[in-house]
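I opened the notebook to go through this model from the overall fold down to single residues. My notes follow in the order I looked things up.

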Amino acid sequence: MALLGSAISGEVGLRLLLSPLGTNVVIRTACCTVGIALPVYNTFKAIEKKDPVQQKKWLVYWAAFGTFSLVEIFSDRILSWCPMYYHIKFAFLVWLQLPSVDGAKILYERHIRPFLLRHQARLDKVADGTYRELAKFANSHQGEIEFARSVVMKIIASANQMIQGVLHPTSPIQGQKAVGDTPTAPAPATENGRKAVGDTPAAPASSTENHDSAESRG
């Protein structure tokens with residue numbers, strides 16, 4: 001049964017990749033997964049394990065993938081109209097990573113490395129000039145950059161709060177307990193006022209009462 005289930009799921013996956021809908025949705029997702037997500041994770045493992053062989057392998061892959069992405073920027077608008085373009089792209093990304101083929105190493109050693117060595121001096125000048133201009137731009141727009149950074153951090157904090165609210169919503173029972181636990185209000189002032197009035201000393205006797213008492217004594 002397990003073999004039958006795996007065979008059925010594999011057949012369904014191939015049909016999705018080769019279907020017209022897969023050209024727009026599934027195959028693009030597969031390209032992003034194979035071309036970016038998996039290499040990022042493998043690069044992370046190579047860095048954490050401090051394996052120089054794997055680090056070099058994935059550095060070569062990113063050089064090949066970056067070169068392909070540069071070419072794709074200018075050719076994607078035209079080639080995307082070709083039938084099965086994304087299927088060919090998916091196959092190419094798989095070819096770059098296959099251990100039995102190691103297409104990224106082949107592409108790097110046969111094409112990328114000779115080209116960069118031939119134009120290295122000119123590319124160094126362009127890179128240095130670009131970095132200097134970026135440094136000047138950053139220094140002259142320091143205030144705008146800090147403002148944009150603060151805005152981005154606020155957006156990230158708000159998004160994090162929204163995500164936490166969705167993942168850990170507050171139940172109505174907890175809300176009622178929170179309301180019931182509020183401190184009681186102080187006693188009304190009327191009781192204190194009455195007590196204060198009752199505790200006041202008695203007023204002295206009037207002068208007419210004193211006069212009557214004096215006459216009765218006489």
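Predicted model: local features only at pLDDT ≥ 70, side-chain atom pairs only at ≥ 80, totals over all residues.

Residues are numbered from 1 along each chain as its sequence is written, and side-chain values use heavy atoms, with hydrogens and water left out.

**Entry 1. Overall fold**

I counted the secondary structure. The protein has 11 helices and zero strands. Here helices (H or I, at least four residues) and strands (E, at least two) are DSSP runs, numbered from the N terminus. The order along the sequence is α-α-α-α-α-α-α-α-α-α-α.

I then looked at burial. Of the 218 residues in the protein, 14% are buried. The accessible surface is about 17700 Å², and carbon and sulfur atoms hold 66% of it. That area comes from the Shrake-Rupley method with a 1.4 Å probe; for residues, only the protein chains shown count as cover.

I also checked contacts, meaning heavy atoms within 4.5 Å. Among contacts in the protein with a separation of 6 or more, 55% join residues 24 or more positions apart.

**Entry 2. Positive phi**

Most residues other than glycine have a negative phi. I looked up two exceptions. K50 has a phi near 55°. K50 sits in the loop between α3 (26–49) and α4. Is K50 buried or exposed? K50 counts as exposed, at 68% relative accessibility.

D102 is not a glycine either, and its phi is positive at about 55°. I found D102 in the loop between α5 and α6. D102 is partly exposed, at 24% relative accessibility.

**Entry 3. Helices α5 and α6**

At what angle do helix α5 (residues 85–97) and helix α6 (residues 103–118) pack? The angle is about 85°, and the axes are 5 Å apart. That makes α5 roughly perpendicular to α6. The class covers 65 to 115 degrees; under 35 is roughly parallel, over 145 roughly antiparallel, and the rest oblique. Axes are lines fitted to C-alpha atoms, for helices over the stretch in contact, and angles run from 0 to 180 degrees between N-to-C directions.

I listed the residues that meet. From α5 they are F92, W95 and L96; from α6 they are G103, A104, I106 and L107.

I noted one further residue in each helix. A91 lies in helix α5 and is partly exposed, with a relative accessible area of 44%. A91 and V34 are 57 residues apart along the chain, yet their C-alpha atoms are separated by 9.8 Å. R113 lies in helix α6 and is partly exposed at 43%. R113 and A64 are 49 residues apart in sequence and 10.0 Å apart in space, C-alpha to C-alpha.

**Entry 4. Aromatic rings**

I searched for ring pairs. Rings of Phe, Tyr and Trp (its six-membered ring) pair if their centres lie within 6.5 Å; planes under 30 degrees apart are stacked, over 60 edge-to-face, and the rest tilted. The count is eight aromatic pairs. One is W62 with F65: the centres are 5.8 Å apart and the planes at 90°, so this pair is edge-to-face. Both residues lie in helix α4 (residues 52–79), three residues apart, about one turn of the helix. W62 is partly exposed at 27%, whereas F65 is buried at 14%.

Y85 and Y86 are also edge-to-face, because their centres are 5.0 Å apart and their planes at 70°. Y85 is buried at 10%, and Y86 is buried at 9%. I also found one aromatic cluster made of W58, Y61, W62 and F65.

**Entry 5. Cysteines**

How many disulfides are there in the whole structure? I found zero. A disulfide here is a pair of cysteine sulfur atoms within 2.5 Å. The sulfur of C31 has its closest cysteine sulfur in C32, 6.9 Å away, which is too far for a bond. C31 is buried at 5% relative accessibility, and C32 is partly exposed at 46%.

Key. Buried < 20%, exposed > 50% of the residue type's maximum accessible area, 1.4 Å probe, protein only.
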